[in-house]
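These are my notebook entries on a structure that I had not opened before. I wrote down what I looked up, one topic at a time.

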Amino acid sequence: MDRRQTESAIAGIVRLLGTSLKNRGLYPASHPLVRTPIEKCRAEIEPLFADRPELALTVTDGTLVLEGVPIFHLTSSLELFLTRLGSIGVPAVIFERGLTTEDIERFVLFLHETKESGLNVRAVKDRLCQAGVRHIRVTSTEEGKDFSIAREIYGNAINVVVQALKDVRGGRIPDGASCDHTVREMNGMISRNRDAMLALTLIKNFDEYTYTHSVNVSILSLAVGDSLGISEQHRVNVGVAGLLHDVGKTQLALDLIRKPGNLSVAEYEEIKKHPEEGYAILGKMTNIQDETRRMVREHHMRFDRAGYPRPEPDMKLNPHSQVIAVADCYDALTSMRTYQKARTPQDAIEIMRKLAGKSIDPDLVLLLERSLGAYPIGTMLRLSTMEVGIVTSVSGEGKGQPGMAILYDRAGNPLTAPETVNLAEADPATGKPRRVVLGTVNPLLLPPISLETVLGHAPA
Ligand SMILES: [Fe+2]
Ligand SMILES: [Fe+2]
């Protein structure tokens with residue numbers, strides 16, 4: 001589907017929603033004039049989910065915008081739809097993959113029946129939940145926007161790394177300007193919405209490890225740099241170093257990088273050359289700061305200076321090289337490789353606590369731990385409802401309640417699509433929290449589910 005076809009499909013879908021809503025005011029729910037547009041809407045929306053997990057419909061400056069496509073030609077039914085969203089107080093609606101005709105039907109009924117105006121997002125969420133709407137959620141415009149912007153920024157960063165490594169492998173020297181630009185974008189997003197950016201580091205694409213690992217280390221380094229309170233220029237330097245920390249591996253044979261199991265002494269000696277190789281490559285690139293180069297060279301020197309290349313006794317290590325080392329360690333531990341299963345975020349932190357003071361800086365481990373929260377993004381939790389979900393956001397630097405996506409129902413069956421919940425949400429009947437955390441769950445004990453389904457995104 002090209003852009004034009006997508007635009008007209010999207011406009012058609014919203015018109016169908018409007019038509020159904022308009023007719024709902026005149027006919028009963030079962031009437032074909034109400035029912036048919038809903039069925040058509042579902043059939044037409046389905047192909048759009050082929051390459052995206054959700055569709056965001058927002059009202060911006062009085063204009064309906066679906067997936068960034070403004071719908072300008074308002075029919076009377078569209079206008080009614082827009083007016084209802086606006087008067088109830090719905091800033092953004094997200095249609096999720098797995099959407100059913102019942103979801104749309106219940107949502108249209110909600111728009112039709114709700115007489116109050118100016119409801120807050122939480123109240124709308126509760127109503128939709130009570131009405132049994134499963135795959136349509138409302139969100140504040142900012143929240144919805146941030147996640148889609150973060151996904152776009154992540155995708156751009158992957159493309160930058162792919163291009164840079166391709167250049168180096170092809171004997172060309174990449175320009176550091178695109179790395180600098182993409183890191184500044186990630187840095188800006190982290191200052192605005194750290195959770196949105198951190199959640200993406202969980203997408204561990206096994207085949208694309210080299211690229212996702214580079215971007216993830218950059219994001220995690222930026223987050224730690226942010227917590228350290230270092231200046232923006234230093235943060236960018238750290239972020240670029242994170243992005244390019246393993247660029248020297250392009251000089252190694254591919255089967256050596258991917259080799260499962262133990263390496264021979266000679267093979268390990270080869271691997272140990274990558275920080276120096278990276279330092280040399282960065283030295284030829286334009287728009288690369290000296291500090292960045294040094295961090296790439298020093299990322300395996302270890303906190304106790306017992307790593308490689310072995311630092312001279314009087315050599316002063318860059319204070320931020322350990323930021324890269326800590327981010328590198330966390331991302332490697334939580335990733336699945338040919339030779340290891342992915343650790344849970346909590347297990348990874350546990351292992352890192354043991355390495356603190358030896359290979360990595362204890363203060364930075366503590367800082368990372370704090371910035372990931374009590375339940376780091378990616379932790380599987382069992383709730384008082386016996387549902388199992390994954391943490392997708394950490395509010396307020398680890399304080400407050402995490403945002404979660406429920407993946408398994410109370411019987412342990414995987415849901416067809418994750419259900420986003422907020423643990424701060426209260427049960428309107430009792431006023432008490434609807435869900436309480438019982439404890440963490442080992443994801444290996446659950447039926448398999450892909451993380452891409454969870455976060456609804458596969459990096460480009
Ligand atoms: Fe490395
Ligand atoms: Fe690495």
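R258 sits in the loop between α11 (254-257) and α12 (265-271). I also looked up its distance to Y209, and the C-alpha atoms of R258 and Y209 are separated by 10.0 Å, although the two are 49 residues apart along the chain.

Before going on, I noted that this is a predicted model, in which local features need pLDDT of at least 70 and side-chain atom pairs count only at pLDDT 80 or more, while totals for chains, interfaces and linings use all residues. Residues are numbered from 1 along each chain as its sequence is written, and chains are lettered from A and ligands numbered from 1 in the order in which they are written.

For the overall picture, I found 18 helices and 10 strands in the protein; these are DSSP runs numbered from the N terminus, helices being H or I with at least four residues and strands E with at least two. Of the 460 residues, 41% are buried.

Next I turned to the sheet, an open one of five strands in the order β9-β8-β7-β6-β10 with antiparallel pairing, where two strands pair if DSSP finds at least two bridges between them. β9 (414-422) and β10 stand at the edges with a single partner strand each, so one side of each has no neighbour in the sheet. Direction ignored, neighbouring strands of this sheet are turned by 35° against each other on average.

Which strands does β6 pair with? I found that β6 (residues 380-383) is joined to β7 (residues 388-393) by three bridges, the two running antiparallel, and that β6 also pairs with β10 (residues 437-440) over three bridges in the antiparallel sense. On the β7 side, L381 has G389 as its bridge partner; on the β10 side, L383 is partnered by V437 and R382 stands opposite G439. β6 and β7 form a hairpin with four residues between them, and M386 in the turn has a positive phi of about 70°.

I then looked up two helix pairs. α15 (residues 321-333) and α17 (residues 362-372) pack at an angle of about 55° with their axes 10 Å apart; axes are lines fitted to C-alpha atoms, for helices over the stretch in contact, and angles run from 0 to 180 degrees between N-to-C directions. The two helices are therefore oblique to each other, since angles under 35 degrees count as roughly parallel, over 145 as roughly antiparallel, 65 to 115 as roughly perpendicular and the rest as oblique. Their contact is made by Q322, V323, V326 and Y330 of α15 and L364, V365 and L368 of α17, where contact puts the C-beta atoms, placed from the backbone, within 7 Å.

The second pair is α2 (residues 32-45) with α4 (residues 101-113), which pack at an angle of about 130° with their axes 9 Å apart, and that makes α2 oblique to α4. I listed I38, E39, C41 and R42 of α2 and T101, I104, E105 and V108 of α4 as the residues that make this contact.

Notes
Two residues are in contact if their C-beta atoms, placed from the backbone, lie within 7 Å. A residue is buried if 20 or more other C-beta atoms lie within 10 Å of its own, exposed if 12 or fewer, and partly exposed in between; C-beta atoms are placed from the backbone.
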